[in-house]
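Here is a walk through one model, taken step by step. Keep the sequence and the structure side by side as you read.

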Amino acid sequence: FLSGGQEARRRYQLAERVADLFDQYQVYRADWLESWADGQDVLHVRGSEERAVPAEQLWQPALWRALIADIEGSGANTSRAEVHTRFLEAAAKLDGDSRPAHLPRRVVVFGLSSLPQQTLDVLSALGRCCQVILCVHNPCQYHWADIIEDKDLLRAERQRRARKPGMPVQLDDHNLHLHANPLLAAWGKQGRDYIRLLDHYDVPESYAHWLDRVDLFRESDGRSLLQDLQNDILNLNPVHES
C-alpha cells in the first residue's frame, strides 16, 4: 500500500485506519489491550478463555506496546482502556454507604439498542451504590440466543427469557426451520448479542428485595402483513405456523 504514489497521503491514510482500529479496541476490547500492554499476545474469547493472536496480526500488540511506551515517556495521559480499568478498581470499593455526593441515586438507560461491554462494566459498577435500570428492546418474548449460527459461542450461563415450550435444547440445520423465525435469525444478531451480554451481568437475587423484572410484551392488534410478521417474531413462530 505504501509503495504507490502520494506516499505522504498513503502514510496518513494508513495511520488513520490503525488509529480508528485501536480506538474501537479501547471501547470494545479493552481486555485485549490490557493483556497486550502486559506483554501477552492473546485474545480473550468466550468469557475467560484465551487464544493466541494470529501470526499475521502480531504487529498489533507490538504496535500497541510501542504506543504505550511513547505515551508514558511523554508524560501524557494513558489510554481510555487503562482509565476504564482504574475506574473499575476504584468503583469496586463503593457501596451504598460510600456513594459519591454527586452521583444520582438512580440511573435509567432508555432507548439504546445496544451498549458496548465497557459501558455495561461501568453501569454494573455503579450498581453497587445506586439503582441502575436498563430498558431493553427485545422483539421476542422467548429465549432466542440459540437460533443463530455460532450459538455455542454465545450461549450464556444464565438466561432471563424462558425457553419456548417444545423448543429443543439443540438446534441445527435439520430442525432450525421447524422452530425458529428466519427473519429473527437473519437480522437479530446485534440485539441477540446485546441481550446475551445483559444476561451475563444480570443477577436477579441481588435486587429481588426492591424490584421485580418488568416484561412488556404485547401482540399487534391489526392483521397487516407487517403486524403478522411482528407477532410471529414476538412468539418465535416458524414459517409453517404463520
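How are H1 and H2 oriented to each other, roughly parallel or roughly perpendicular? Note that the model is predicted. Start with the axes. Helix H1 covers residues 7-28 and helix H2 covers residues 30-37. Their axes come within 5 Å and cross at roughly 105°. Angles of 65 to 115 degrees count as roughly perpendicular. H1 and H2 are therefore roughly perpendicular to each other.

Now look at the side that each helix brings to this contact. H1 contributes Phe22, Tyr25, Gln26 and Tyr28. H2 meets them with Ala30, Trp32, Leu33 and Trp36. By class, seven residues in the contact of H1 with H2 are nonpolar, one is polar and none is charged.

Helix H4 (residues 80-91) packs with helix H5 (residues 117-126) at an angle of about 20°. Their axes lie 10 Å apart. Angles under 35 degrees count as roughly parallel, and that makes H4 roughly parallel to H5. The crossing of H4 and H5 is left-handed. From H4 come Ala81, His84, Phe87, Leu88 and Ala91. They meet Gln118, Asp121, Val122, Ala125 and Leu126 in H5. This contact of H4 with H5 has seven nonpolar, two polar and one charged residues.

Finally, the cysteines. The structure holds zero disulfides. For Cys130, the nearest cysteine sulfur is that of Cys129, 5.1 Å away. A disulfide needs the two sulfur atoms within 2.5 Å, and Cys130 is in no disulfide. Cys130 is buried, at 8% relative accessible area. Cys135 is partly exposed, with a relative accessible area of 32%.

Definitions and conventions
Residues numbered from 1 in each chain as written. Predicted model: local features only at pLDDT ≥ 70, side-chain atom pairs only at ≥ 80, totals over all residues. Heavy atoms only, no water. Axes fitted to C-alpha atoms, helices over the stretch in contact; angles between N-to-C directions. Helix = DSSP H or I, 4+ residues; strand = E, 2+ residues; numbered from the N terminus. Parallel < 35°, antiparallel > 145°, perpendicular 65-115°, else oblique. Contact = heavy atoms within 4.5 Å. Nonpolar A, V, L, I, M, F, W, Y, C, P; charged D, E, K, R; others polar. Buried < 20%, exposed > 50% of the residue type's maximum accessible area, 1.4 Å probe, protein only. Left-handed = near helix turned anticlockwise from the far one by under 90°.
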